[in-house]
Amino acid sequence: MLFGSGSSLSSLVTALGSTARFVRSATKRTEHRVRRTAIARPLSTGGFLGASMTTWISTSPSMLPRTWWMWTLNFGASQIYGYAGGVLATQVVRRVSGALGLRLEIAEDHRERARWLGAAALISISAYSWVRGVLRQREISHLVQEQPKNLATHVVGTAGGLLASLGVLVSVRGVIATAHMYRALLRPYLPARVVAVLSLLLTTATVAVLAERILRGRVLEQMIERAEAANRLISPDVPRPTSPLRSGSPESSETWESLGAPGRKIVSAGPTREAIAATIGAEAAGSGTADSGTAGTEAIEPIRVYAGKSSSRSLEETVQAVLAELDRTGAWDRDVLVLFTGTGTGWLQEWSLSAIEFLTGGNCATASLQYSVYPSGLSYLLDRRSPPRAGNQLFGAVRRRLDAMPEGSRPRLFVAGESLGSFGGNAAFRDIPDLLSSVDGAVWTGTPSFTPLWREIVSRSRPGAPAIAPIIDHGRHIRVVTRPRDLHRNYFGGLYETWQHPRVVYAQHPSDPVVWWRPSLLWEEPAWLRQRFGHDVTTAMRWFPWITFWQIAADMPLSIKVTGGHGHSYHEEMVPIWAAVLGQDAPEADSAAQRSRHLAIVKAIRQINPRV
């Protein structure tokens, strides 16, 4: 028998009936609450005014021209912030006025006129701020040498922002409705205080589960899967190198597949000794190492060493793989050895790599490794310890090997990195004196403001120096470069003291959002915005709590795609920067000839690597 007795069956039926009646009753009690707290509830007047004001502010300019989705993010985030702030302000005003016995009302015969005047004012101000914002976008486009976006970009972005903020509002009201439902279900059985606490916990758990499944279970996992798939992709447009002086070649201990997509691009690109010889006016030597340490005598084949990330070996083992490749290629016999710390995916800036190879006549070796397969933003969120570990361990291993060599036979050691790679590469040094005592030079481009060494430079900057280009120790060793002319004169045109070795350059554009973004933008106005310096940043840019944080965050993803010399695109200027750090100074009488040589190198890099 399915049940032991008729009484058991009767009890079960009774219990199920009671449960059904309770659920129906709870549903009826909460139906009007859900309707009021969800979509059907009118907008808060204070919230609407707050969202309107922050929307006006969100049209203000930032660093780079906005695409439609950048407009959407700015509008959406600003309206959410403004609506929440308006609702909170309304509650505070009501409580304070209630406590003081104050009451403000508009006379019945004036309410209609007040509504029309308010609507006209909102529409007029909104239209004015939007048009002004579009015109500011055109100004920014000219400053960074970009083609202005068409009107449809701004219209679509505005509509997208409205829809995004509406979606968030509906979601928040759905959470509130869920909390009311839990309270209604628990109120008949528990004390009021327990109901409040328990309903809060249940609502939090519900939101956490949904967020986990949607954000982590779908969005984040898809991003990770795409990054891993992109790293495995072997493009037919990227040929495997045949030179034994490249990792991934038939003679290399690092297989072509193991390098990852960024590594394969790095070792397959760059100039040959013939291209170097034709560009710098030298003769092409054989494939062995050269005796001369400078460009202008004979050109040789440069060395590129790279080791990819693998689940079968640790970071320490990857570092040892780089050392093995340096041994195999004879990199210790070259005049210049440069250690690069890559971005999140392991990407390196080809402009820097090629500039070094042309300037040294190929008498150089560059080395790097891959510590992650994720884009820099995702890598910073998921594993921000890996970049510093990679930069520290690779430098430490190479430095120990060099210290074990006879002093007269060591290559000159330089370090470099861009963006998250600069953050990781800087981590190899305790402070500025440690950096200057450990290397022969360094080039850091697009360094994030949260990098410890950069913070030390800012703290030691000369009073009165601009925040975008600090001056430390009168430029004897370290110079902050916003454009090539800053190599020899400070941002205001004043002379530095004599540039001594080792030389370190921090290259950063005023319009580079990667450099200037930081969490404190939420609540604190940075010095660089107060000063309003920057040749490629509009002086109309202002700081607003919360809004500026999202504006600059929205500028970051596409900052690497703007015209070279602006945003996060460090291109042609890398040639004179590396020439200065390598010590290739020219007398004043030969400055024109040196510029011609640098222009020839820039042209050659573009011909060899059309995509850069």
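Predicted model: local features only at pLDDT ≥ 70, side-chain atom pairs only at ≥ 80, totals over all residues.
The secondary structure consists of 20 helices and nine strands. The chain has 612 residues, of which 47% are buried. Among contacts between residues at least 6 apart in sequence, 74% link residues at least 24 apart.

Helix 20 comprises the 18 residues 591-608. The buried residues of helix 20 are Ser591, Gln594, His598, Ile601, Val602, Ala604 and Ile605. Viewed down the helix axis, these buried residues fall within an arc of 165°, and therefore they line one face of helix 20. An α-helix has 3.6 residues a turn, so residues three or four places apart point the same way. The buried residues of helix 20 pack against helix 8 (273-280), helix 10 (350-359) and helix 19 (574-581). On the face turned away from the buried side, helix 20 carries the exposed residues Leu599, Lys603 and Gln607.

Asp486 is located in the loop between strand 8 (478-481) and strand 9 (503-507). Asp486 is buried but forms no salt bridge. The nearest side chain of opposite charge belongs to Arg483, at 4.3 Å, whereas a salt bridge requires a separation within 4 Å. When neighbours within four places in sequence are left aside, Asp486 is in contact with Val480, Val481, Tyr491 and Tyr496.

Key:
Residues numbered from 1 in each chain as written. Heavy atoms only, no water. Helix = DSSP H or I, 4+ residues; strand = E, 2+ residues; numbered from the N terminus. Expected span 1.5 Å × (residues − 1). Buried < 20%, exposed > 50% of the residue type's maximum accessible area, 1.4 Å probe, protein only. Arc of directions from axis to C-beta. Contact = heavy atoms within 4.5 Å. Lys, Arg positive; Asp, Glu negative; His and termini not counted.
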